[in-house]
Amino acid sequence: DDRSRNTNYKLTCTRYGLKLSQIETKLAEAYIANEMLCSEKDQIAAALKQMTQKNQDVMVSVESLHYVNSELTSERDQLSSDISTLNTKLLLVESNLAELSDA
């Protein structure tokens, strides 16, 4: 009867040992998966930081373009005014030439 108990005890210990081994394996797998997720998280964080920097660079470029556009619009308006003034003067010169040729 002691042999039977001893055998049962050994079987129980073996079963618990196997279960413990399975738990340790699953724990190791979970640890590795966690490490991979942490690595991916770090990569995503780095990519996000890089994208944020690029976004800021784009915003600076857009602001620069707005400034340049404003400057060009101002220059265009000034040139348009100058052309209008020159056209008025040209009409005056043509009118004076017509009077001179009539005289």
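## Basis of the model

The model is predicted, with local features requiring pLDDT of at least 70 and side-chain atom pairs counting only at pLDDT 80 or more, whereas totals for chains, interfaces and linings use all residues. Residues are numbered from 1 along each chain as its sequence is written, and side-chain values use heavy atoms, with hydrogens and water left out.

## Overall form

The protein chain contains one helix and zero strands; helices (H or I, at least four residues) and strands (E, at least two) are DSSP runs, numbered from the N terminus. Helix 1 covers residues 2-102. The C-alpha trace spans about 150 × 15 × 10 Å along its principal axes.

The radius of gyration of the protein chain is 44 Å, while a compact globule of 103 residues would have a value near 13 Å. This radius is taken over C-alpha atoms, and the globule rule is 2.2 Å times the number of residues to the power 0.38. Two C-alpha separations give further scale. Asp 57 and Thr 12, 45 residues apart along the chain, are separated by 67 Å. Lys 41 and Tyr 31, ten residues apart in sequence, have C-alpha atoms 15 Å apart in space.

## Exposure and surface

Of the 103 residues in the protein chain, 0% count as buried. The classes rest on relative accessible area: buried is under 20%, exposed is over 50%, and partly exposed lies in between (1.4 Å probe, protein chains only). Asp 57, located in helix 1, is partly exposed because its relative accessible area is 44%. Lys 41 is also found in helix 1 and counts as exposed because its relative accessible area is 53%.

The protein chain exposes about 9,700 Å², of which carbon and sulfur atoms supply 60%. Accessible areas come from the Shrake-Rupley method with a 1.4 Å probe; for residues, only the protein chains shown count as cover. Tyr 31, Ile 32 and Met 36 make a nonpolar surface patch of about 350 Å², and Met 36 lies in helix 1. Patches consist of residues with over 30% relative accessible area and no salt bridge; like charges are joined within 9 Å, and nonpolar side chains (Val, Leu, Ile, Met, Phe, Trp, Tyr) within 5 Å.

## Charges and salt bridges

The protein chain carries 11 positive and 16 negative side chains, and the centres of the two sets lie 31 Å apart. Lys and Arg count as positive and Asp and Glu as negative, without His and the chain ends; each charge is placed at NZ of Lys, CZ of Arg, CG of Asp or CD of Glu. Side chains of opposite charge can pair when their charged atoms come close. The structure holds three salt bridges, each defined by a side-chain nitrogen of Lys or Arg within 4 Å of a carboxyl oxygen of Asp or Glu.

Arg 76 is exposed at 52% relative accessible area, whereas Asp 77 is partly exposed at 42%. Elsewhere, salt bridges with shared partners join Asp 1, Asp 2 and Arg 5 into one network. Asp 1 and Arg 5 meet at 3.3 Å, N to O, and the closest N and O atoms of Arg 5 and Asp 2 are 3.7 Å apart. Arg 5 and Asp 2 both lie in helix 1, three residues apart, about one turn of the helix. Asp 1 is exposed at 71%, Arg 5 is exposed at 53%, and Asp 2 is exposed as well.
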